[in-house]
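Subject: Structure for your review

Dear colleague,

Please find below the structure that I am handing over to you. My findings follow directly after it.

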Amino acid sequence: MAPTKPSLKRKASVVEANHADHPQSDDEFGDGLLEGVLEDESDDEESEVEDDDNDIEGDTLDADDDDELDSDDIPTDDEELGKKQLTNGAESDEEDVGPHYKIETDANGGTRYVYDEVDPVYDSDDTDAQEPVNTIGNIPLSFYDSYPHIGYDINGKKIMRPATGEALDALLDSIEVPKGWTGLTDPATGKPLNLSQDELELLRRVQMNEVPEEGYDPYPDTVEWFTSFEETMPLSAAPEPKRRFLPSKHEAKRIMKLVKAIREGRILPYKPPEERQREEEEEEEIHYDLWADETPRPPNVMHIPAPKLAPPGYDLSYNPPPEYLPTEDEKKAWEETEPEEREKEYLPQKYDSLRKTPAYDQFVKERFERCLDLYLAPRIRKNKLNIDPASLLPKLPRPEELRPFPTIASIEYAGHEGRVRSVAIDPSGQWLASGGDDGTVRVWGLADGKQQWKVKLSSEDPVDVVRWRPGQETSIISAAVAEDIFFMIPSFGNPELEQTSRDILDAGFGYATNGKQLTTANGAARKDPPAKWTRPGARLEDEGVLLKATVRSPIKSINWHRRGDFFCTVSPSGQRSSVAIHTLSKHLTQIPFRKLPGLAQTASFHPSRPLFFVATQRSIRCYDLQKQELVKTLQPGARWISSFDVHPGGDNLVVGSYDRRLLWHDLEMSNRPYKTMRFHPQAIRAVKFHRTHPLFADCSDDGTLQIFHSKVVSDLMEGPTIVPVKMLKGHKVVNRLGVTDIDWHPQHPWCRVASIAKKTKNTDILVVCNTIQRNDDVSVAQPPLTTEVAAFSHVVEFYGLYKEGMPSQASKDHARFYGSQKDHALLKGTSNGMNQAGTNRDAKETDYRASKPDARMP
Amino acid sequence: MDTEMGQPALAEVQQIRVNFTTTSPDLQLPEGRTQLLVPADIKRYGLSRVLNSESMLNTSSPIPFDFLINGSFLRTSLEDYLKANGLSAESTVTLQYVRSLIPPVFQASFEHDDWVSGVDVLSDTARAGVWSGDKFVTGQDRILSASYDGLLRIWNKSGNVIATSASSSLGGHSASVKSAKFLSASQVASAGLDRTVRIWKYAEADDHLSGTLKPTLELYGHKAGIESLDVHGPTGRVLSAASDGTIGLWTTSKSSAPAAPAALLPGANASASKKRKIASSAPQRGPLSLTQPHTSAASAVLFDPADATIAYSASQDHTIRTIDLTTSKVENVITTSHPLLSLCALRRSGGGGGVLLAAGTSARHITLADPRVGAAATSVMTLRGHKNMVTSLCASPDNEHSLVSASHDGTCRIWDLRGARAGTRAEGGGAVSESVYVIERESQKGAQKSKSKSDVPGRGAKVFGVAWDRSWGIVSGGEDRMVQVNRGRDLLAAD
């Protein structure tokens, strides 16, 4: 390892020496295996290889043993020879031992020891000293071309250039080429480089692809260096290692394993197989009956037994009856269909005998399909919700239990020539007033349908509204024709009544100037008073029309205050003066609202409190007449309110609208409707509460009217119960106008006192707008539908006259009603919250509008 | 057909032993012939033919018979009846045979100018004829009709108007007359919406082809229109029911009647703008008594047929009240469940006498009530079948178990109380009967077809008044401006 560099130098310098002293290398190359090679070769590369090999060897072998092994193990004949030569050389050197130096004077005059060239002893280790070595280093020799020497040796002596022969010599040399001549000059020595015989032999061998070393046997006989035979003399003198005489732990571990296995019985001593079998047979088997004490139990509720295969039928027989055999067409059809779509997976086939029946080729497939069916088809027991839908519906009383209510038409009041626009029943319940397109007001006997009185108010304009003045002490009809309100006293042969009525009508003439005073008091320089109160003219006066009030625009609605002194009129087209409150006793007209949001539709007084309701198209405003402020604004949600009525109790309101809705408002609760009902296919024209019974009715353009039972309880926690009880049909619809107005019979006051019977007669009256082709056929049809009739509608049923389907109608109403009530439950839930949120806004609105109502009512 | 002879032939048919009885003396079967074996499937017609056969009654011309078992008519075959009633076919069935009914065929119509509100008859069998006694001239059968035009008309049998009352300007009623009654052959009482009860003297010419109605008395006192009127000839008392619930008792005697209340007299209100010049020749009187037992309009009032001091009044306040006229006190109150519009009294011979009140209601049926104070059940029976309000009632002149009713549905119905059945639960239980005959308005026969289902029942043909007399038959008047006369004899089986 160490000698790489020196060896390089050496190689560069000494080639000849190698040849000359080739046994010197014996020491170095002690490797037996390479012995043959090393002896013959002194090539640079080879030596390198040797070095390497030597290194490797040094690595592998123990340092101690190296020398020994080398020296001891490889005693070849050649080496022994070499050794002998070496010793010889050493001996010769030792002979001329003397002073190795000469003393000279140097340039300075000092003494200088010039040593003799060291003649290394042959056996010296210093191989470098064998020949003069050029010490110029690694520079090109060309630097010395101009010098006679080519470098210096270790002692600083010039190494002289070897003499180059004369050109002739060179020629001669070239002619007589010595063996091994290459024509090259050895750069290290400057001599012609000739190859030795050995080198040539080596090259030849390499060229011949032979093993380069001569005499090398690539396949030597194996030398059994280590054999099982114990030599008398051991190869190694090393003491026995400790492990040789200590028990092995690893083995002990493995043995313990085996011991354990033996102990546990996992390793059994060998027994011949037959013996073992015999033993096993002898060993008695013990069986345990796990299910010995099991009692049969019913299967789990969720257990669903696998569906059984259907038993084979005739068509599965090997010899089916001919009717089961498929025809050609059927066969063809079966073959053409997809296997998945076939009804049967097989075709019935006929064989003469069972012996001739082939094996069932589909057997495996069929079993497989069956397994798939059982495994993949989920057998889940589905729990069906078995809820009676009726039990989810809210409990409403049956209509039959809510009697009395009107059920059938019973009287028709015929005589009007044209549409009837309005009806009203007088406070005593004996007379019916009606007004219509023929400009007449007629009074009919309620019970017999006989026209008792008639007056023609106008030949052009229809009578829009007819209303009786409340109170039984008078019989005054107010009727609106265009802008005029007429007050009339029908004559029934009762002069006292007529006289009191007359007095009441005439009383206001004492205040005739009031109209002017009002205008001045208002401060506004109005050109005309809100209304003119005059006598209607001699002709009408003779017929009983005693008073006329003319307002500015056509009146569509009249509603009286319960005391009979005030009444309000609404003329939707009247702009600022659309709502007017009149005082009959003073012939006074006031315009309470200067401005209204939207067109006023109708107005009404509260049945007991000093409240005033005004309906515009979309909302209903409630004003306190005493405090002169807005109390509440109801938002029914309808697009165009047609009419409304206040419950006699005063806390509820029902609104009908042209967009087919009927809305129930609880005044205490919210400004949103408590219930919205949409039962009519056409616009609702009028709604009316019965004054004493828990009934209300609406009438619609579809020619029907619906009767509702509405129970209002004083308990605040409970909302009103509204049950549709009856739909009355039969009115003809002409020009898309059905029933225009509705009024209930008033109740007799004794009912509250005596309460012997449930009630007196109540009659509800409705008017059809009938414009039939012939003029005189135009009639009012107003069936007074008595409660008594209703109570015994089963009688009708008994006689087979019930064909109109009254019960079914009732139930249909019922059903429809449920829907809306459900809706309403939701609506109610939300409206409570909205109500709270809305209160603040309401309060603000109240402040804002506090000054608005301009009611001068006492 | 002799059943005994036919017996072998009908061997397979079950035989039932029947026992025929009758109450009519002229139709008695010979002794020993009353028991027969008849096939079980025999019906009324077969039984009637058996009775008329030679071996039985041997009548010259066949008399149709009806048969009563246990007081009700046999409407099915005998077998079915036995089955329905759970009777054994072995038992002997007692069949009471009565003359069968003949439908009340139309006889005549008398046309009016306006709706007819009430009718009354005068004949020797009618009440007024009986009261008249000797004054009644035989053959002087008249019909009195009250009309909405305020006039009374008296018709003879040939449909001629014998007399018409004066118009309002001549002392007649100034408004519609709602009710009119013969007091006797020469006296008529009427009342109407003009709140007066008027007594007229009716006199006929000798040829009985013309006559006069002269007002003899004007009775004032009611403050509302009078709906109903009843008279009692022998005592000259008149009862009136007004729409304000008051009941008035009046006398026809000028001398005994109190003076009329001045405030109610025409012309009392000087300020009335329209003062009619009234040529009132008749004296004006007031009521003997005027009570207000009802809280709602009184719709009918009548004297007890046996006792003129007792009156019954029906009202729209659901009650029938028994009024003792001597004290003007309400003796008894019967409350029904519906407004009452009409009332009539049926005599009752059995059960201690008394009357049975039939009241027509606005609920389209007729309620029969027992007015006796101690009666256990006031509501006796309900007659169902009308399709509209029942406005007038009249008892049969022949017997105690039938009556005729007039209704707004344009029909008159004849009822036999014997044909009762138990009411279903829906009908409210009790005994229920259905009408025997229905009399349509003759004037509406042609217009029947144009009626649609949705129409009001009896549109244009409301019947307001009906009267039933033995000689006249059934007389009814109504909205069709007709007084219609139907045959009324032998309509119902006598017993």
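In this predicted model, Asp120(B) is in contact with Arg142(B), Ile143(B), Leu144(B), Ala180(B), Lys181(B), Phe182(B) and Ala467(B), leaving aside its neighbours within four places in sequence. Asp120(B) belongs to strand 7 (residues 116-122) of chain B. Because its relative accessibility is 11%, under the 20% limit, Asp120(B) counts as buried. A polar atom of its side chain lies 2.7 Å from the backbone nitrogen of Phe182(B). The C-alpha atoms of Asp120(B) and Ser179(B) are separated by 8.9 Å, although these residues stand 59 places apart along the chain.

I turn next to the aromatic rings. The count comes to 27 aromatic pairs over all chains. In one of them, the ring centres of Trp664(A) and Phe689(A) are 5.5 Å apart and the planes meet at 80°, so the pair is edge-to-face. Trp664(A) lies in strand 26 (residues 662-666) and Phe689(A) in strand 28 (residues 684-689) of chain A, 25 residues apart. Trp664(A), at 0% relative accessibility, counts as buried, as does Phe689(A) at 1%.

The rings of Phe696(A) and Phe708(A) are stacked, because their centres are 4.8 Å apart and their planes are at 10°. Both of these residues are buried.

Yours sincerely

Notes. Residues are numbered from 1 along each chain as its sequence is written. Chains are lettered from A and ligands numbered from 1 in the order in which they are written. This is a predicted model: local features need pLDDT of at least 70, side-chain atom pairs count only at pLDDT 80 or more; totals for chains, interfaces and linings use all residues. Side-chain values use heavy atoms; hydrogens and water are left out. Helices (H or I, at least four residues) and strands (E, at least two) are DSSP runs, numbered from the N terminus. Buried means under 20% relative accessible area, exposed over 50%, partly exposed in between (1.4 Å probe, protein chains only). Contact means heavy atoms within 4.5 Å. A polar contact is a pair of N or O atoms within 3.5 Å; within protein, one must be able to donate a hydrogen and the other to accept it, and residues adjacent in sequence count only if both atoms are side-chain atoms. Rings of Phe, Tyr and Trp (its six-membered ring) pair if their centres lie within 6.5 Å; planes under 30 degrees apart count as stacked, over 60 as edge-to-face and the rest as tilted.
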